[in-house]
Amino acid sequence: MDERKALLEVQHLRKYFPIKSGMFRTEYVQAVEDVTFTLYAGETLGIVGESGCGKSTLGRSILRLHEPTSGKVIYDGTVIYDGEKKTQISMLPYRKRMQIIFQDPSASLDPRMTVGEIVGEALSVHRPDLKGKAYRARINELLETVGLNSEHSNRFPHEFSGGQQQRVGIARALAAEPEFIVCDEPISALDVSIQSQVVNMLEDLQKERSLTYLFIAHDISVVRHISNRIGVMYLGQMVELAESYELCSAPLHPYTQSLLSAVPLPDPDKTRARQRTILEGDVPSPLHPPTGCRFHTRCPYATEECAKSAPEWKEHRPGHFASCHKL
Ligand SMILES: Nc1ncnc2c1ncn2[C@@H]1O[C@H](COP(=O)(O)OP(=O)(O)OP(=O)(O)O)[C@@H](O)[C@H]1O
Ligand SMILES: [Mg+2]
């Protein structure tokens, strides 16, 4: 029996966006296709993959900021989305427990509101009991938690640097006292010099508050040190998932192998000596994904079978999942 507590179970999740193509025709962007994984309480699961592979859509669909197309999402033992059920399940009791930090801090903060109002708005939704002095004190406390102070409260987002704006975004997420946070590329819009400050802060907050993170990044080197496990996405699908060290040292899927071969090693001689797997061609469109294995058009090992049938998502070693016909 697995002793870890499953906080979130995602089963066969799909999210298709309808797109009008002509007067009467609708086509679908298959942004997330049949994704299954479990997130354990207190862990950080890194999600990596190229731009457009569906990472943000996956995070948002789990929180039902995008209504999924089909599949199932179970949060702390309760079904919060079931594509088979006709009746909608209310997310209200879960909104407080599940939060998100957005990719672009400047776009995610209302420019007409002061920082105090932005954090206060989130606070009053989740703590309507707090009024007057106690309410203001809590806002200041949240700002201090993320390395800002009470004087920042009356300023507007444009008066802050990117790193400070992201801190405001984090304070807003923390206002609800969540258990689970989707961190959607929280540092990719920031200066390299402040990226590690924000990552360190997120790690400290996780320890202090026993938070569980789904940490999205497009670069595997960003998440490998902070994630307990890493999931790799390609064209809407999860292609591999394993404990971080194992995924980085013994990747099974050819796509993960190619991603890792592009990460520089600490020793430049080793980097030069290493064989690089360079993928040919562009990522196909999620409007018309390839048949069979979605990666077959770029895979150096693809055979006829790969073009015909989709490989199964299987556990190949304990805790190490991948979908590839060659395994
Ligand atoms: N609201 C939408 N309507 C239509 N298509 C969408 C919508 N949102 C996302 N998509 C499409 O779904 C696919 C996945 O997008 P998504 O934003 O999830 O990718 P991502 O992995 O987060 O990329 P990035 O690293 O650039 O943030 C893309 O092809 C995108 O164009
Ligand atoms: Mg994204």
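Residues are numbered from 1 along each chain as its sequence is written, and chains are lettered from A and ligands numbered from 1 in the order in which they are written. Since the model is predicted, local features need pLDDT of at least 70 and side-chain atom pairs count only at pLDDT 80 or more, while totals for chains, interfaces and linings use all residues; side-chain values use heavy atoms, with hydrogens and water left out.

Several polar contacts, meaning pairs of N or O atoms within 3.5 Å, can be listed here. (Within protein, one atom must be able to donate a hydrogen and the other to accept it, and residues adjacent in sequence count only if both atoms are side-chain atoms.) The side chain of Ser51 places an N or O atom 2.5 Å from an oxygen atom of ligand 1. Backbone atoms take part as well: a polar backbone atom of Gly52 is 2.7 Å from an oxygen atom of ligand 1, and one of Gly54 is 3.0 Å from an oxygen atom of this ligand.

Ligand 2 is a magnesium ion, and its protein donors are Ser56 (OG) and Gln103 (OE1), at 2.0 to 2.6 Å. Donors are N, O and S atoms within 2.8 Å of the metal (3.2 Å for Na, K and Ca), and sites may look incomplete, as water is not among the atoms. This pair connects distant parts of the chain, 47 residues apart: Ser56 belongs to helix α1 (residues 55-62), and Gln103 to the loop between β6 (98-101) and α3 (105-108). Helices (H or I, at least four residues) and strands (E, at least two) are DSSP runs, numbered from the N terminus. Gln103 is partly exposed, at 33% relative accessible area. Buried means under 20% relative accessible area, exposed over 50%, and partly exposed in between (1.4 Å probe, protein chains only).

Helix α5 (residues 132-145) has 14 residues and spans 20 Å from its first C-alpha to its last, close to the expected 20 Å; the expected span is 1.5 Å times one less than the number of residues. Its buried residues are Arg138, Ile139, Leu142 and Leu143. Seen down the axis of α5, these fall within an arc of 140 degrees, so they line one face of the helix. The arc is that of the directions from the helix axis to the C-beta atoms. The buried residues of α5 pack against α4 (115-126) and α6 (162-174), where contact means heavy atoms within 4.5 Å. After α5 comes Gly147, with a positive phi near 85 degrees.

Helix α7 (residues 192-209) has 18 residues and reaches 26 Å between its first and last C-alpha, close to the 26 Å expected. Buried in α7 are Gln195, Val198, Val199, Met201, Leu202, Leu205 and Gln206. They cover an arc of only 160 degrees around the axis, which puts them on the same side of α7. The face turned away from that buried side carries the exposed residues Ser193, Lys207 and Glu208. The cover over the buried residues of α7 includes β3 (44-48), β6, α5, α6 and β8 (212-217). Just after α7, Ser210 has a positive phi of about 45 degrees.

Backbone angles also draw attention to two further residues. Most residues other than glycine have a negative phi. His12, in strand β1 (residues 6-20), has a positive phi near 45 degrees and is partly exposed at 46% relative accessibility. Asp76, in the loop between β4 (70-75) and β5 (78-82), has a positive phi of about 50 degrees and is partly exposed at 28%.

Finally, Arg294 lies in the loop between α11 (268-273) and α12 and is buried, with a relative accessible area of 5%. Its side chain makes a polar contact of 2.3 Å with that of Gln30. Beyond residues up to four places away in sequence, Arg294 touches Gln30, Glu33, Tyr234, Leu235, Gly236, Gln237 and Pro289.
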